[in-house]
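Student: I have a structure open that I have never looked at before. Could you walk me through some of its side chains?
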Amino acid sequence: MSITALQSIKKPWAHLLVHAEGAALDTLLSVPSHFVTKTISGKKCKTKAGLLDEFSRVFSFPDYFGHNWDALEECLADLDWLPAKGYLVIVLDADQVLTKPDEEDDFETFVEILSEAGEAWSLKESDDATGNGLPFHAVLAVSDRHKHSRHNWFAPPLAMERKTAKSARAKKSQSRGR
């Protein structure tokens, strides 16, 4: 399935993806081959320290990574050591991220940092002829069974393009010249 929202430099940059239990996300998300895709295990992000460690490990953050929110924001907006034409961060089992009731503010901060990284990348000059920014998106993936585990996801649902039978027939008719 093609998801043009993930190839855009426009907001939103953090998305919620509710999927069927056991669904293979690679069948749901079609990401261009020139993108760098990093997968974060939400099960390893139950605490702020665990979340920062998981991002540091998965992204191979430099030694100077400060293990705090500012450092996470700075590193995600930089990624000089990981050149690409676009970035996708998939947070699996997002319902497991910062789940304690007193961590709701931290979860909101986390999603804001993902969005701010997307905004920062959208404003950078790319190396291609357009000079436009680069896409950076984060997808918080949660199974349908766990979608109500969090009161507020702070991220809109990912816009999934699906071809309906009606639109497919209309396109087929147009291609025949009717």
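Student: Are F59 and F61 buried or exposed?
Tutor: In this predicted model, both F59 and F61 are buried.

Student: And how are the rings of F59 and F61 arranged, stacked or tilted?
Tutor: The pair is stacked, because the ring centres of F59 and F61 lie 5.7 Å apart and their planes meet at 25 degrees, where planes under 30 degrees apart count as stacked.

Student: Which residues do ring pairs link into a cluster?
Tutor: The cluster joined by ring pairs includes F55, F59, F61 and F65, and W81, F107, F110, W153 and F154 also belong to it.

Student: What about Y87 and W121, is that pair stacked or tilted?
Tutor: The pair is tilted, since the ring centres of Y87 and W121 are 4.9 Å apart with their planes at 45 degrees. It links distant parts of the chain, with Y87 in strand β3 and W121 in helix α4, 34 residues apart. Y87 is buried at a relative accessible area of 2%, and W121 counts as buried at 5%.

Student: Which charged end sits over the ring of W121?
Tutor: That is the charged end of K124, 3.8 Å from the centre of the W121 ring.

Student: Switching topic, where does E103 lie?
Tutor: E103 lies in the loop between β3 and α4, and it is buried, with a relative accessible area of 9%.

Student: Which residues does E103 touch?
Tutor: Leaving aside residues up to four places away in sequence, E103 touches K46, T47, K48 and L98. The C-alpha atoms of E103 and K48 are separated by 8.5 Å, although these residues are 55 apart along the chain.

How values were computed. Residues numbered from 1 in each chain as written. Predicted model: local features only at pLDDT ≥ 70, side-chain atom pairs only at ≥ 80, totals over all residues. Heavy atoms only, no water. Helix = DSSP H or I, 4+ residues; strand = E, 2+ residues; numbered from the N terminus. Buried < 20%, exposed > 50% of the residue type's maximum accessible area, 1.4 Å probe, protein only. Contact = heavy atoms within 4.5 Å. Phe/Tyr/Trp six-rings, centres within 6.5 Å; stacked < 30°, edge-to-face > 60°. Lys NZ or Arg CZ within 6 Å of the ring centre and 35° of its normal.
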